[in-house]
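Work through the following exercises with the sequence and the model at hand. Try each task before you read its solution.

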Amino acid sequence: MIHQNRRQELLSQFDDNCVLIISTNPEQFRNGDVSFPFRPHSDFFYLTGFQEPEAVAVISKDSYCMFLRPKDPAREIWDGARVGLLEAPSVLNLDHAFDINQLEVELTQLIPAGHSVYFDAKPCELDSKLTKLLAQYNPTSLQMPLHEMRLIKEESEILTMQKAADISCAAHTLAMTQVSPNMFEYELQSVFDAHFAKNNTQHAYTPIVAGGKNGCILHYIDNNQVLKSGDLVLIDAGCELDYYASDITRTFPVSGQFSEPQKQIYQIVLDAQLAAIDSIKPGANIHKPHKIASDIIQQGLEALGLLSPKDCLSKFYMHGTGHWLGMDVHDVGKYQDNQQHRVFEKGMVTTVEPGIYIRKDAKIDPVYHNIGIRIEDDVLVTNEGNTVLTKNLIKTINDIETLMSQTNL
Ligand SMILES: [Mn+2]
């Protein structure tokens with residue numbers, strides 16, 4: 001029902017003679033004939049709830065049809081059951097199911113003369129085929145209204161995102177309690193692998209487990225170095241539950257105790273993050289959290305003598321403060337309207353993730369070298385302001401040191 005409601009809401013934004021065509025992701029191969037676990041395309045799943053590969057939905061105000069794989073008893077022994085053409089109409093609430101192998105023959109017959117076609121091609125074989133078949137209709141994009149719908153989360157989506165956030169919070173807490181000096185980054189990553197798997201979830205993105213100077217590499221994913229006492233470890237990891245992502249970063253000392261310089265930098269990032277979160281409410285400009293976080297980081301670094309007022313902050317803080325979060329970790333939805341930052345609305349979910357990254361630099365006091373700190377939470381915009389979905393995970397210096405002193409003996 002939920003998918004049907006979404007299709008109806010989407011269709012209500014188009015005129016009566018529209019046909020929306022949308023395909024799912026292709027299967028991806030890792031190497032040889034070994035495939036990655038299949039994951040449907042977020043747009044496709046959002047509108048259909050269908051999880052098999054090789055499917056194309058054709059949605060209009062008069063009918064809802066799908067091209068999908070027919071039953072194949074021989075293949076199903078290897079790959080598992082398929083819904084098939086006979087069952088699909090009742091399972092998926094379709095008016096008609098077509099064999100995906102008949103796409104070339106049947107598709108254009110489903111598009112009445114004079115109808116406008118909406119379609120966005122992904123870089124894959126199926127969509128190249130669709131692009132050719134649909135060229136005569138000169139299709140236009142349906143992404144804007146669809147992605148605006150996905151940006152505003154429904155109650156059920158929020159519940160799933162809260163569950164995903166809770167699972168990820170628990171995994172980060174476990175990591176804080178299980179880290180020890182001389183452990184490898186991948187061993188600490190395995191805490192997340194195990195906890196996510198136990199909860200029937202998977203990594204929503206490749207996790208970053210970065211000790212010491214690796215914390216200054218923004219997309220460090222090698223995760224194969226030794227964690228040293230005295231260093232911090234930065235972990236950016238979150239699970240995906242039922243196709244909804246969580247996205248959390250915490251930075252904590254491998255030994256359980258921050259050094260004074262680490263504390264100084266950490267507190268600046270935390271102050272920036274808390275103030276940025278505080279600014280999120282309906283009607284507030286979405287650029288505000290970044291502006292607030294950047295100002296606090298600039299002032300903090302100036303107070304420590306690490307930055308002069310004329311220096312560019314991007315030397316130490318070179319990324320944005322947040323992104324939309326949902327079915328995709330960097331979720332869909334515009335950030336600007338007519339080249340103006342848009343405003344927050346109830347039901348949006350954004351990350352808030354300021355950081356400071358101080359590489360080795362002869363001009364900088366060595367006590368600050370190789371400190372890379374990011375703190376990231378997931379924030380839902382509510383009527384009253386916001387709710388931090390990841391609030392169950394500690395982040396103050398005192399809370400982290402207390403937890404680690406109790407458990408890392
Ligand atoms: Mn993020």
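**Exercise 1. Find the loop that holds Tyr243, and decide whether this residue is buried or exposed.**

Solution. Begin with the place in the chain: Tyr243 lies in the loop between β11 (239–241) and β12 (244–245), where strands (E, at least two residues) and helices (H or I, at least four residues) are DSSP runs, numbered from the N terminus. Residues are numbered from 1 along each chain as its sequence is written, and since this is a predicted model, local features need pLDDT of at least 70 and side-chain atom pairs count only at pLDDT 80 or more, while totals for chains, interfaces and linings use all residues. Side-chain values use heavy atoms, with hydrogens and water left out. Next, take the backbone: phi of Tyr243 is near 70°, a positive value in a residue other than glycine. Finally, turn to accessibility, for which buried means under 20% relative accessible area, exposed over 50%, and partly exposed in between (1.4 Å probe, protein chains only). Tyr243 has a relative accessible area of 14% and is therefore buried.

**Exercise 2. Carry out the steps for Asn138: where is its place, and is it buried or exposed?**

Solution. The place of Asn138 is in the loop between α6 (125–134) and α7 (143–151). Its phi is near 50°, which is a positive value in a residue other than glycine. The relative accessibility of Asn138 is 63%, so this residue counts as exposed.

**Exercise 3. List the buried residues of α7, and say which elements they pack against.**

Solution. The buried residues of α7 are Pro145, Leu146, His147, Met149, Arg150 and Leu151. To find their surroundings, look for contacts, meaning heavy atoms within 4.5 Å.

**Exercise 4. Describe how strand β10 is covered, and which strands pair with β10.**

Solution. Start from a rule: in a regular strand the side chains alternate between the two faces of the sheet. In β10, Leu232, Leu234 and Asp236 lie on one side and Val233, Ile235 and Ala237 on the other, and all are buried, which leaves both faces covered. Six of the six residues of β10 (residues 232–237) are buried, so this strand is largely enclosed by the rest of the structure. Then consider pairing, which requires that DSSP finds at least two bridges between two strands. Strand β9 (residues 208–211) pairs with β10 in the antiparallel sense over four bridges, and Gly211 stands opposite Val233. Strand β13 (residues 248–253) is joined to β10 by six bridges and also runs antiparallel to β10, with Leu232 opposite Pro253.

**Exercise 5. Which residues point each way from strand β17, and which strand pairs with β17?**

Solution. From β17 (residues 355–358), Gly355 and Tyr357 point one way and Ile356 and Ile358 the other way, and all of them are buried. The partner is strand β18 (residues 371–374), which pairs with β17 in the antiparallel sense over four bridges. In this pairing, Gly355 stands opposite Arg374.

**Exercise 6. Give the order of the open sheet of three strands, and identify its edge strands.**

Solution. The order is β16-β19-β20, with antiparallel pairing. The edge strands are β16 and β20 (386–388), each of which pairs on one side only. Strand β19 (residues 377–381) is joined to β20 by three antiparallel bridges, and the bridge partner of Val379 in β20 is Val388.

**Exercise 7. Describe how helices α10 and α12 cross, and which residues meet there.**

Solution. Two packed helices are described by the angle between their axes and the distance between the axes. Axes are lines fitted to C-alpha atoms, for helices over the stretch in contact, and angles run from 0 to 180 degrees between N-to-C directions. The axes of α10 (residues 260–278) and α12 (residues 397–407) come within 11 Å and cross at roughly 125°. Angles under 35 degrees count as roughly parallel, over 145 as roughly antiparallel, 65 to 115 as roughly perpendicular and the rest as oblique; α10 and α12 are therefore oblique to each other. Lys263, Tyr266 and Gln267 in α10 meet Ile397, Ile400 and Glu401 in α12.
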